[in-house]
Amino acid sequence: MDAHHTPETAEALMRSRFAAFRDGDAAWLLASWHPSTRPADLELDEDVRWRGLQIVDTVAGAASDDTGIVEFRATYVADGAHGVLHERSRFVREDGRWFYVDGDFPE
């Protein structure tokens, strides 16, 4: 999978995807997105600077599981203002490889 190693857990994939957002690596984000929900292309907002990642909760998602949920809070700066993206993401593992499927945004 490109320059990235193949994450063994849903949480490891979430962490690698955060790093890809931080580093502007749209290719990795698309490669790690499940084909059933993957957009045709992805333009990252260059004005958003991702700063930190906090894992709030995980459900399953181990190397031996086929599904997993990772809830996280990612902090960012945009237009000089600080913000937090809070998402509960769903992942699936197919042929030994984890993919991001989609997420909900808790209140």
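In the predicted model, the side chains of Arg15 and Glu11 meet in a salt bridge (3.0 Å, N to O), a salt bridge being a side-chain nitrogen of Lys or Arg within 4 Å of a carboxyl oxygen of Asp or Glu. The two residues are 4 residues apart in helix α1 (residues 10-23) and are therefore separated by about one helical turn; helices (H or I, at least four residues) and strands (E, at least two) are taken as DSSP runs, numbered from the N terminus. Arg15 is partly exposed, with a relative accessible area of 41%, and Glu11, at 26%, also counts as partly exposed, where buried means under 20% relative accessible area, exposed over 50% and partly exposed in between (1.4 Å probe, protein chains only).

The structure holds 6 salt bridges. Among them, Asp57 pairs with Arg88, with the closest N and O atoms 3.2 Å apart; because Asp57 lies in strand β1 and Arg88 in strand β3, this pair ties together parts that are 31 residues apart in sequence. Asp57 is partly exposed at 30% relative accessibility, as is Arg88 at 25%, and both belong to a network of salt bridges that also includes Glu71. A further salt bridge joins Asp102 to Arg90, the closest N and O atoms being 2.7 Å apart; Asp102 lies in strand β4 (residues 97-104) and Arg90 in strand β3, so that parts 12 residues apart in sequence are tied together.

Strands β1 (residues 48-60) and β2 (residues 67-78) pair in the antiparallel sense over 11 bridges, two strands being paired if DSSP finds at least two bridges between them. They form a hairpin with 6 residues between them, in whose turn Gly61 has a positive phi of about 85 degrees. Strand β2 also pairs in the antiparallel sense with β3 (residues 81-94), over 12 bridges, and Gly68 stands opposite Phe91 in β3. In the hairpin of β2 and β3, with 2 residues between the strands, Asp79 takes a positive phi near 55 degrees.

The bridge partner of Trp50 is Tyr76 in β2, and Trp50 and Tyr76 form one aromatic cluster with Phe21. Elsewhere, Arg17 lies over the face of Trp33, at 5.1 Å from the ring centre, the criterion being NZ of Lys or CZ of Arg within 6 Å of the ring centre and within 35 degrees of the ring normal.

Residues are numbered from 1 along each chain as its sequence is written, and side-chain values use heavy atoms, with hydrogens and water left out. As this is a predicted model, local features need pLDDT of at least 70 and side-chain atom pairs count only at pLDDT 80 or more, whereas totals for chains, interfaces and linings use all residues.

Definitions and conventions. Rings of Phe, Tyr and Trp (its six-membered ring) pair if their centres lie within 6.5 Å; planes under 30 degrees apart count as stacked, over 60 as edge-to-face and the rest as tilted.
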